[in-house]
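My entries follow in the order in which I made them.

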Amino acid sequence: MDTPWSMTVARWLVVAGLALGGAARAAGVQAPSLALLEDPSRSLRIEQVARPGAAFRAIDAPSPSLGLSASAWWLRIDVPASDSSRLLSLPYTQNDDLILYRPHADGGWSAEQAGDHQALAQRALIHPHPLFMLEPGFAGRLYLRAQSSGALSLPLELWDERAFWRQNLRDQLAYGFYYAVLLALAIYNAFLWALIRDRAYLYYVLYLVGLVVFQGAYSGHAAWLLWPHSALLGNAGTLLGLCATLGFGAAFVANMARTSSRVPRWHRGLQGLMLAALLGALLLLLHYRLAMILLLVAVAASVLIFPAAIVSAYRAGVRQARFLILGLAAFLPGVVLLVLRTLGLVPGTWWTEHAYQLGTLAEVMLLSFALADRIKLLDAERDRATAALAAQRERGAQALLDTQDAERRRIAQDLHDGLGQQLLAVLGGLRRLPAELKPPLDAGLREAIQETRRVAANLYPSQLDRLGLREALEAMMATLFEPAGIGYVHDIDDLDDLALDPRDALQVFRVAQEALSNALRHAAARHVSLRLKQLGGRYCLQIEDDGRGMPPQAQRNRGRGLDGMHDRALRLDGNLRILPQPGGGTRIELEAPLRHA
């Protein structure tokens with residue numbers, strides 16, 4: 001099942017939209033003068049840091065990333081004058097506490113709060129990331145206090161208000177396409193899982209849901225649209241999404257790459273990532289910072305574990321791993337940049353901000369190809385399993401017939417060697433009886449001996465072993481039709497010279513035996529013919545009679561005799577046809593490949 005072309009086009013539209021958005025951002029952004037002060041004790045007040053001589057250091061980077069820091073940080077912002085309204089924007093949503101201090105004309109300060117410890121609905125400006133309004137004509141110095149139990153980053157941007165909202169429209173449109181693609185894939189694969197019940201699809205759906213939650217919480221859209229009144233979810237949503245992405249992503253890779261059987265060593269590594277995701281989710285309830293450190297370590301470890309497991313599986317012959325390798329190559333650079341940016345090791349730029357999104361779009365496209373290829377593999381495995389089951393049933397049916405024939409042979413031999421010999425002994429003892437008693441007893445015993453031999457021959461044709469198929473068929477026709485006064489003719493190739501498999505010869509004999517018996521008992525035939533001819537690598541058995549024919553209802557409601565004939569034809573890999581004769585009567589044809597012993 002291939003990925004719809006429209007979905008692929010949508011993905012590339014998202015990529016193009018994100019890239020165009022990044023190129024257009026610089027048009028309305030101003031660069032204020034920044035200086036930074038660390039407050040390790042987190043006890044400084046605005047009056048202290050605003051005094052002349054405070055230990056600020058000027059910074060050139062417009063987006064200082066401070067990593068996992070326990071300190072409070074003060075950012076001094078010198079804003080140039082402007083006649084238009086402006087917005088001070090921080091396009092990073094994971095800072096816990098942000099307070100912007102503005103000076104009053106009377107020497108006091110006003111404070112405006114933001115950060116994910118505050119519900120988004122309580123902010124002055126409702127937007128996915130923190131925004132602060134600056135009135136027209138404002139010029140002067142602002143102070144921003146920031147602290148966080150997670151990674152701390154301050155990518156400060158000063159926007160002209162109209163330019164900001166124009167750019168915001170482009171950004172939100174690109175994000176909308178991004179979420180739409182992920183959710184459409186999740187819904188599409190959820191339907192596939194409901195139909196196929198393959199756990200790989202379920203893991204992929206849960207992975208996509210985790211990805212949407214993670215990206216939605218990380219970019220602020222989840223707090224904006226889903227939980228604007230919940231500070232708890234606003235703070236923990238990113239890590240919950242990361243737990244789901246990491247855990248179900250590892251489960252998906254383990255299932256698709258078959259690591260449990262092909263590369264068990266790396267399968268244990270994937271199980272470790274699943275365990276870390278579970279522990280991280282539980283630890284969020286107790287200690288946010290510790291949970292974040294654990295998950296950052298797990299994500300860093302995944303950069304080694306995922307490639308090693310997938311490449312090892314590919315070398316072990318797992319075909320689907322090639323798509324996983326391509327998806328990983330698209331996804332990992334974004335993960336690495338995200339971790340490095342979170343730790344403050346690379347500056348916050350548009351590309352480090354969106355590399356993860358671009359990587360996930362390319363990855364989910366390639367993984368959807370892997371799942372489409374998996375359907376073909378599942379179909380092939382099902383066909384192989386069906387063929388194996390059919391072969392097993394064939395062997396079982398053949399074994400059952402072999403067992404039945406062996407039992408018939410044993411009973412026939414017992415009748416011949418046991419009861420038949422005893423009757424002959426009794427016949428020999430008649431010589432000592434008075435002459436007047438001999439004729440009736442002699443006739444009865446001889447008839448019993450003949451009946452015993454007939455039953456034994458019907459149970460198993462001993463002449464088939466002694467004389468071969470041709471002689472056995474000729475003898476059977478003579479035995480059946482001469483006493484009944486029915487004319488018969490036979491034209492039989494000597495297939496025994498071609499070393500026909502003995503089991504096949506027995507099946508051919510049984511089919512002929514049932515057909516000839518039906519002609520004798522039910523058809524009221526006056527003449528019967530039997531032909532057995534070799535046709536290249538095949539042979540054809542044809543039996544015709546001039547009797548009353550077989551009603552169509554009798555063919556539909558087949559008895560044990562006709563069922564047995566069809567079953568034996570299947571054992572021979574042949575075809576059995578029962579056809580009416582133009583002038584009345586029935587023609588039975590069996591055609592099968594000539595298999596040698």
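I counted 5 cavities of 30 Å³ or more. A cavity is a set of points, on a 1 Å grid over the protein atoms alone, where a 1.4 Å probe fits but cannot get out. Grid points are joined across faces, edges and corners, and a volume is the space filled by probe spheres set on the points. The model is predicted: local features need pLDDT of at least 70, side-chain atom pairs count only at pLDDT 80 or more, and totals for chains, interfaces and linings use all residues. Residues are numbered from 1 along each chain as its sequence is written, and side-chain values use heavy atoms, without hydrogens and water.

I then took the second largest cavity, with a volume of about 140 Å³. Its lining (residues with an atom within 4 Å of a point) comprises 18 residues, of which Asp-116, Leu-120, Arg-123, Ala-223 and Gly-234 lie nearest the centre.

Next I traced an open sheet of 5 strands, ordered β13-β14-β15-β17-β16 with mixed pairing; two strands pair if DSSP finds at least two bridges between them. β13 (487-492) and β16 (575-580) stand at the edges with a single partner strand each, so one side of each lacks a neighbour in the sheet. Within the sheet, β15 (538-545) and β17 (586-593) pair in the antiparallel sense over 8 bridges, and Asp-545 stands opposite Thr-586 in β17.

Technical notes. Helix = DSSP H or I, 4+ residues; strand = E, 2+ residues; numbered from the N terminus. 1 Å grid on protein atoms, 1.4 Å probe; cavity = no way out; pocket = protein on both sides within 12 Å on 5 of 7 lines; lining within 4 Å.
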